[in-house]
Amino acid sequence: MLEEYNWAGNLRYSGTEIAQPSSVEELAELVSSSPAVRAVGTRHSFNDIADSAGVMVNLEKLQGDPVLDEQGRTVTVTAGTRYGDLAAFLVQHGYALHNLASLPHISVAGAVATGTHGSGNRNGNLATAVAALELVTADGTMLRVDRSSPDFRGMVVSLGALGILTRITLDVEPAFEVRQDVFTDVPWASVEQNFDAVTSAAYSVSIFSSLAGPAASQVWLKSRTDTEMPYAGSADFFGGKAASEPKHPLPGMSAVNCSEQMGVAGSWSDRLAHFRLAFTPSNGDELQTEYLVERGSAVEALGILRGMSAEIAPLLQVCEIRTMARDDLWLSSSYEQETVGFHFTWKPLQADVEALLAKMEAALAPLKPRPHWGKLFTLEQAELQGLYPRFADFQDLAGRMDPERKFVNAFLARKVLG
């Protein structure tokens, strides 16, 4: 067993080795000759989705510079590329991605495969930018698919069950600037009465809170400077007040590692994420969970969770609420529904957290919460298959592409493929 852990240190990997192929040919040989293999990425998953009983593949050494197609408005990158590094490349050439996650340190392949997202009422998750995929399949064959290919929409958010990604083509757009304004102590009554207006107040909106008390502690507005900015520079936001200094989402933490605030405009690459790329995220002092529900149920879900705040607060560091646009990717948490996500950053007390998650999932069950695939949750296949209309189609696709189940690890066996 490897002496290797995930980013948070809450999971020890069970693989026999971690391989780092430097070419697609080397990767293909590795996959074809291995009875069990998985890609491990940048290790930002909090569960065992990337684990393997056999070989674990790290793609950081896979060779290839980004390829920009200005006419087609796309960029193609190797799967192990980090979003922050891709953003730097695009900025140099005057282009942008439509969105970024909270951390720019995560790999493109890992984020896409788990349906990871940024935020914004009209912004799809990161996987919706995928225009084409190249992957090594179970027998070592190279396969390229794009939006015109059969089953493409089932292959993007793949959970690593269909093969190992080598290159990903993403949509890009002309570069834009963003300003970030933070408001504090926004009353919950205002949030509940005006939820759609609050979450549409900027290109990307995040609400941070402990869920206790009468008000959300912070609301972050990321506004594109090339569009209408109704609250840019405002002193008031639905009863909250403009922050007088930069803020960290966690109470009492310095904002030095956060993306710049106070309304100072800058590149999308330096504002859409919450944290700076140069900042090395903390290791081992947090766990994460996220549940996503249909946006029309946002206020009801908020009421349920606030009603549990006495149980949640002792284990919680912060909760972030954000929205995402609907999409058509089979295992995306936003498949065929506008969504709101409730993201929980927990103290590193996994047994206590998982016991609470079971209670939270039961309370939210009428709202059909979809968990983030790479974070902690207790729902198993019986519950999950009822949340995704194309769940059985994905099972069939995985069976066709990997009949010997070499990509099926313990996570997929429990949660998805049986």
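**Close-up views of a predicted model**

**View 1. Helices α12 and α13 sit oblique to each other.** This is a predicted model. Helix α12 covers residues 391–401 and helix α13 covers residues 410–417. On the α12 side, the contact is made by Phe-391, Phe-394, Gln-395 and Ala-398. These residues meet Lys-415, Val-416 and Leu-417 of α13. Sorted by class, five of the residues in this contact are nonpolar, one is polar and one is charged.

**View 2. Arg-405 lies in the loop that runs between α12 and α13.** Have a look at the backbone here: phi of Arg-405 is near 60°, a positive value in a residue other than glycine. Is Arg-405 buried or partly exposed? With a relative accessible area of 38%, Arg-405 is partly exposed.

**View 3. Trp-373 belongs to the largest nonpolar core, which has 131 residues.** Trp-373 is listed among the residues with the most contacts inside this core, together with Leu-90, Trp-268, Phe-344, Trp-346 and Met-360. Which residues does Trp-373 touch, leaving out those up to four places away in sequence? They are Asn-47, Ile-49, Thr-114, Val-157, Leu-159, Leu-331, Leu-384, Tyr-388, Phe-391, Phe-411 and Val-416. Apart from this core lies another one, of six residues, including Leu-11, Tyr-13, Val-40 and Met-56. As a general background, nonpolar side chains tend to be buried together in soluble globular proteins.

**View 4. Leu-159, a contact of Trp-373, is found in the loop between α4 (152–155) and β9.** Leu-159 counts as buried, because its relative accessibility is 2% and the cut-off is under 20%. Phi of Leu-159 is near 60°, which is positive in a residue other than glycine.

**View 5. Helix α2 (residues 83–92) has a set of buried residues.** Follow Tyr-83, Gly-84, Leu-86, Ala-87, Phe-89 and Leu-90 along the helix: these are its buried residues. They pack against strands β4 (67–69), β5 (74–78), β6 (95–96) and β9 (164–171), and against helices α3 (108–113) and α7 (268–271). Leu-90 is also one of the residues with the most contacts inside the largest nonpolar core. Gly-94 follows α2, and its phi is positive, near 80°. In the UniProt record, an unreviewed entry, the annotation "domain: FAD-binding PCMH-type" covers residues 11–175. The end C-alpha atoms of residues 11–175 lie 38 Å apart, and this span is 18% helix and 25% strand.

**View 6. Asp-236 has its place in strand β14 (residues 236–237).** At 34% relative accessible area, Asp-236 is partly exposed. Leaving out residues up to four places away in sequence, Asp-236 touches Phe-183, Tyr-231 and Lys-241.

**View 7. Arg-43 is placed in the loop between β2 (37–39) and β3 (55–57).** Setting aside neighbours within four places in sequence, Arg-43 is in contact with Glu-4, Tyr-5, Asn-6, Trp-7, Tyr-13 and Ile-18. Tyr-13 is also listed in the core of six residues. Arg-43 and Met-308 are 265 residues apart in sequence, and their C-alpha atoms are 31 Å apart in space.

Notes. Residues are numbered from 1 along each chain as its sequence is written. This is a predicted model: local features need pLDDT of at least 70, side-chain atom pairs count only at pLDDT 80 or more; totals for chains, interfaces and linings use all residues. Side-chain values use heavy atoms; hydrogens and water are left out. UniProt positions are given in the numbering used here, feature names are shortened, and annotations may be inferred rather than shown by experiment. Helices (H or I, at least four residues) and strands (E, at least two) are DSSP runs, numbered from the N terminus. A nonpolar core is a set of buried Ala, Val, Leu, Ile, Met, Phe, Trp, Tyr and Cys residues joined through side-chain atoms within 4.5 Å. Buried means under 20% relative accessible area, exposed over 50%, partly exposed in between (1.4 Å probe, protein chains only). Contact means heavy atoms within 4.5 Å. Axes are lines fitted to C-alpha atoms, for helices over the stretch in contact, and angles run from 0 to 180 degrees between N-to-C directions. Angles under 35 degrees count as roughly parallel, over 145 as roughly antiparallel, 65 to 115 as roughly perpendicular and the rest as oblique. Ala, Val, Leu, Ile, Met, Phe, Trp, Tyr, Cys and Pro count as nonpolar, Asp, Glu, Lys and Arg as charged, and the others, Gly among them, as polar.
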